[in-house]
Amino acid sequence: MESNSMKLEDGKPQDMEIDPIQSSQSPYSSSFSTMSTAGIGFSNNQSDTNGSVSSPVVNGSTGSRSGEATKAPEASLADKNTLLAVLSFLKKHNLKDTENILKQEAMLSEADMKGGIPSDTDVQSVLLSYASDENPDEYTDAYSQLKTFIDSSLDSYKYEVGQILWPVFVHMYLELVYNEHETQAQTFFIRFSKMQETFHEADLVSLGSIMKKAHLVNSENPFRPLSLGISSGKPGSSSGLYVVRMSREALSLLKRFLQEKRLKLIQNIVQDRIFVDVYDGMPRGKAAVQAVAGHLMGEALRQDNKAKVYYGLLREPDLQNVHMDEDDEEGGGESQNPSSNPTSATPSAQKTDSSQSAQGTPGASSDKSKKKKNKKDWLMSKKGKNDPNAPPINRMPLPELRDIDKIEKAKALREAGKRVPLGPERLPSICFYTILNGDQQVTCIKWSEDGTLMAVGFASSSIKIWSLTPTKLKKLKGASDLAEIERESDDVLVRMMDDRTAETTRTLRGHSGPVYSIDFSPDNSSEDATIRLWSLLTWTCIVVYKGHLFPVWKVVFSPHGGYYFASAGHERSARLWATDNYQPLRVFAGHFSDVTAIIFHPNSNYVATGSADRSVRLWDCVSGSCVRLMTGHKATVHTLAFSNDGRFLVSSGSDSKILIWDLANGGLVTILGQHTECVYTLAFSREGTILASGGLDYAIRLWDFNKLIEDVISEEGGATISPDSKKVSGDHSQVGAYHTKSTSVFGLHFTRRNILLASGPYQQS
């Protein structure tokens, strides 16, 4: 738990006002320059609490719907009980420092504490609301009447009113179990479970396992947030309530029915355990309702998506004065990034790669004098422009680019001028790397930004890195040999490497559990609950981050400088880190289940997360609050991708669906449903016109992204159209499908010249 009381350099606790995100002058030391050449990895050992209650820097209460910062004053009774329960948990695990900090921030006096802390958890006290002396046989009759009423309603109302069937079913069953009417509970479950939506199948399995009162009180089941949700009568306090969005007409119809039939059981549930977000207008149809259904806690509130989001891109740095060697100017092909592969900066390696990647590329055979003549003009034409939707330049402290970073940036921009533009009539070439004998062992695959390195994580707790170019992977020389090198030499990076250690592949070992996620720094994660930073100069682990207490599912670097990175884990939270801090800078708490996907926004001001609670959230790295909540997935979300302009977010998961969201208002743009199994990876082409997807159905599918969003962006470039008024499916935008024989697609990556790299393990029959 010490990981959650982060210390700054002056010894003061990290405040809610983000600073490191401390200051715009990031502490760049020699240790960071070493880290900038490293990849990062995660691990998955078991711990004993979740991050939503463990850190004083959390901006968002545990399981909160909006994820906004918790405010202690004027707390309701339910909020107070929750705080007392958290304090009880911290006291039980002897986490005194965190307990004291929480007491101070919540401003709880000793009088509030006396006799107020539950003996175990807040579950028992809150579940007392399930106590009822109603006739258990009335539950079946009441639910049957409700189902009949909804089925017989007009089509214009039935789909909106029908949203309450699931939460009413769950709460009725839990009430029967809590009041020890076990026989009636089983009868009720068997009769009505078959009438629920198909995407609730997994939920029904979990719900059916709760057969006794003891199971309900003690079990860590997905319905814990629902069972703890009691309305306090305030719209902003709906964190534990199932949210249903309904037109005023549909709600009036439902109320009239319940009053006429005097269904007190259902009335109490609707009043106390369901938050109805009422709007004026025509009721939504079947497609619109089902498109946003699926989240464990219902739909997103309209207020959840009203915060302003700076989704624009930051201005590109001025590269006109960047000095590049003549060899760099003449070298073609995929750029050899010394940050990701310091041994590949030799002129011979660059020329070799140029001869390989120039094939089939228009303009690759242009004479060198013409390229030299136009190089400066081309860099000037790429001078950054101000994006009206971009965040202020000083909003998020980002590291300044070093000279070597600027050179690499200039190389990448020059390569961008040589790549083949893609579109529906010009699809990318695909290079697929099949991993043999990796079935049930390969857990994740990642490429470096320039496409020269490929890293694979394994269930055996190891990481393997391959060089995809003729340049081999070398190790840094010893200290005595390094002392003899002239530091001012132009080829100092080449001289630092030991040619005797050159290999085509390297293996990194250090985790004690399966490695679930890897990322290269533009500059890995595992079951031992640790994040490890590896140096690609020494091929050793240089830092271990231990802020997580349960398995870490995902890790990702910020696209700006490799200083910040983010992680997501089993404890239902995500964390923001800096490479020179052992403790997380932010803990993003608000999801109701494992956080299984995470990605930085292209401007590094936001982090998007996907969860097993079937929702997608966007978090502000500066304030720590949740600024977008998007619902619509019917199963766990596994992967996320931002469009190149930063406005759109694409998500996919175990429901085999790909959903595209507009960050301007948090609305759903379209749904892609051509995959038949879990979609495991997404990638955008370099200019953002083609979206590639792959998964466990042995297929790579290509989509015309411009066609998918053409109805959303008006001629003025800012308006959005509600998904209620357009066709939801975007399957007509598929422009290509490529099938493997028996190899799942675990990773996709577009090179700087728009070649699509793909990889996965061969599935043996």
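Visitor: At roughly what angle do the axes of helix α8 (residues 165-178) and helix α9 (residues 182-192) cross?
Guide: This is a predicted model, in which local features need pLDDT of at least 70 and side-chain atom pairs count only at pLDDT 80 or more, while totals for chains, interfaces and linings use all residues. Residues are numbered from 1 along each chain as its sequence is written, and side-chain values use heavy atoms, with hydrogens and water left out. Axes are lines fitted to C-alpha atoms, for helices over the stretch in contact, and angles run from 0 to 180 degrees between N-to-C directions. The axes of α8 and α9 come within 8 Å, and they cross at roughly 160°.

Visitor: Are α8 and α9 roughly parallel or roughly antiparallel to each other?
Guide: Angles under 35 degrees count as roughly parallel, over 145 as roughly antiparallel, 65 to 115 as roughly perpendicular and the rest as oblique. The angle for this pair is roughly 160°. The two helices are therefore roughly antiparallel.

Visitor: Is the crossing of α8 with α9 left-handed or right-handed?
Guide: A crossing is left-handed if the near helix is turned anticlockwise from the far one by less than a right angle, and right-handed if clockwise. The way α8 passes α9 is left-handed.

Visitor: How many charged residues does the contact of α8 with α9 have?
Guide: Contact means heavy atoms within 4.5 Å. From α8, F169, M172, Y173, L176 and V177 meet Q184, A185, Q186, F188, F189 and F192 in α9. Ala, Val, Leu, Ile, Met, Phe, Trp, Tyr, Cys and Pro count as nonpolar, Asp, Glu, Lys and Arg as charged, and the others, Gly among them, as polar. The contact has nine nonpolar and two polar residues, and the number of charged ones is none.

Visitor: How many charged residues does the contact of α6 with α8 have?
Guide: Helix α6 (residues 137-151) packs on α8 at about 175°, with the axes 11 Å apart, and the pair is therefore roughly antiparallel. The residues of α6 are Y139, A142, Y143, L146, K147 and I150, which meet L165, V168, F169, M172, E175 and L176 in α8. By class there are 10 nonpolar residues and no polar ones, and the number of charged residues is two.

Visitor: Which residues of α13 make the contact with α6?
Guide: The axes of α6 and helix α13 (residues 248-261) come within 12 Å and cross at roughly 140°, which makes α6 oblique to α13. This crossing is right-handed. On the α6 side the contact uses Q145, L146 and F149; on the α13 side it uses L253, L254, F257 and K261.

Visitor: How many strands does the protein chain have?
Guide: Helices (H or I, at least four residues) and strands (E, at least two) are DSSP runs, numbered from the N terminus. Helices in the protein chain number 22, and strands number 31.

Visitor: What percentage of the residues in the protein chain is buried?
Guide: Buried means under 20% relative accessible area, exposed over 50%, and partly exposed in between (1.4 Å probe, protein chains only). The chain has 765 residues, and the buried share is 55%.

Visitor: What separates the C-alpha atoms of F600 and L618?
Guide: F600 is in strand β18 (residues 595-600) and is buried at 4% relative accessible area. Its contacts beyond four places in sequence include V556, F565, Y606 and F642. F600 and L618 are 18 residues apart along the chain, and their C-alpha atoms are separated by 9.6 Å.

Visitor: What is the phi of S604?
Guide: S604 sits in the loop between β18 and β19 (606-611) and is buried, with a relative accessible area of 0%. Although S604 is not a glycine, its phi is positive, at about 65°.

Visitor: What is the phi of R614?
Guide: R614 is placed in the loop between β19 and β20 (615-620) and counts as buried at 8% relative accessibility. R614 is not a glycine either, yet its phi is positive, at about 75°.

Visitor: Which residues does S729 touch, not counting residues up to four places away in sequence?
Guide: S729 is in the loop between α22 (705-709) and β29 (734-739) and counts as partly exposed at 27% relative accessibility. Its C-alpha atom is separated by 9.1 Å from that of V669, 60 residues apart along the chain. The residues that S729 touches are T670 and I671.
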